[in-house]
Amino acid sequence: MQLGGGGLVKLLVLCFSLLISSLTQALPQKEMDCLSLVGYKEARGESDKGMVAVMQVVLNRAKSGKFPSTPCEVIRQRGQFQWHAKDRSVRDKEAYVRAKKIAKEVIQGKYKDFTGNATYFHANSVKPSWTKKMNCTIKIGNHLYYKPIK
């Protein structure tokens with residue numbers, strides 16, 4: 001097959017477009033919505049890095065084999081995210097649009113996991129008893145991130 005002139009360029013553009021499209025399809029829309037909502041609910045007042053970190057904890061849990069295997073299942077897990085049972089509403093549309101953009105970027109691989117593979121986090125304002133069995137991996141904004149002590 002011979003491609004003359006701009007044919008090769010058009011083929012490369014098409015391939016690149018398909019690649020980008022497939023990256024955004026890595027999670028079903030329902031799972032993307034859950035990831036966006038956890039970012040919004042837990043970190044809408046944080047920096048982008050703080051919102052990414054919260055989403056990364058959910059993804060780390062889903063990958064760990066010790067928690068449910070999808071973002072929605074992780075978020076719905078009893079006792080983990082209190083807002084899920086009480087109030088899933090979105091009042092700040094601008095912050096939710098930001099969370100959706102960041103969730104898409106997280107899934108596309110724009111951010112590395114800078115939480116140190118954390119599977120837990122909490123606000124600085126509290127000191128849960130479970131932290132005694134954890135290593136704090138990083139502090140980002142108003143949250144501390146943890147993984148279990150091995």
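Good morning. I begin with Asp87, which is partly exposed, with a relative accessible area of 26%. The model before you is a predicted one. Asp87 sits in the loop that joins α5, residues 82-86, to α6. Along the chain, Asp87 and Lys41 are 46 residues apart, and their C-alpha atoms are separated by 9.4 Å.

The axes of α2 and α6 come within 8 Å, crossing at roughly 125°. That angle makes α2 oblique to α6, and the crossing is right-handed. On the α2 side, the contact is made by Met32, Asp33, Leu35, Ser36, Leu37, Gly39, Tyr40 and Ala43. On the α6 side, the residues are Ala95, Tyr96, Arg98, Ala99, Lys100, Ala103, Lys104 and Ile107. By class, this contact divides into 10 nonpolar, two polar and four charged residues.

Helix α6 also packs against α3. Here, the axes of α3, residues 48-64, and α6, residues 93-107, come within 10 Å and cross at roughly 55°. These two helices are therefore oblique to each other, and their crossing is right-handed. From α3, the contact involves Asp48, Met51, Val52, Met55, Gln56 and Leu59. Their partners in α6 are Arg98, Ala99, Ile102, Ala103, Val106 and Ile107. Nine residues of this contact are nonpolar, one is polar and two are charged.

I come now to the core. Which residues of the largest nonpolar core touch the most other members? Of its 39 residues, they are Leu35, Val38, Met55, Val58, Ile75, Phe81 and Tyr145. At least two core residues are supplied by each of α2, α3, α4, α6, β1, β2 and β3. The largest share, nine residues, comes from α3. As a general remark, nonpolar side chains in soluble globular proteins tend to be buried together.

Let me look at one of these core residues, Val58. What does Val58 contact, once neighbours within four places in sequence are left aside? The residues in question are Leu35, Val38, Pro71, Val74, Ile75 and Phe81. Among them, Leu35, Val38, Ile75 and Phe81 are also listed with Val58 as touching the most other members of the core.

Thank you for your attention.

Key
Residues are numbered from 1 along each chain as its sequence is written. This is a predicted model: local features need pLDDT of at least 70, side-chain atom pairs count only at pLDDT 80 or more; totals for chains, interfaces and linings use all residues. Side-chain values use heavy atoms; hydrogens and water are left out. Axes are lines fitted to C-alpha atoms, for helices over the stretch in contact, and angles run from 0 to 180 degrees between N-to-C directions. Helices (H or I, at least four residues) and strands (E, at least two) are DSSP runs, numbered from the N terminus. Angles under 35 degrees count as roughly parallel, over 145 as roughly antiparallel, 65 to 115 as roughly perpendicular and the rest as oblique. A crossing is left-handed if the near helix is turned anticlockwise from the far one by less than a right angle, and right-handed if clockwise. Contact means heavy atoms within 4.5 Å. Ala, Val, Leu, Ile, Met, Phe, Trp, Tyr, Cys and Pro count as nonpolar, Asp, Glu, Lys and Arg as charged, and the others, Gly among them, as polar. A nonpolar core is a set of buried Ala, Val, Leu, Ile, Met, Phe, Trp, Tyr and Cys residues joined through side-chain atoms within 4.5 Å. Buried means under 20% relative accessible area, exposed over 50%, partly exposed in between (1.4 Å probe, protein chains only).
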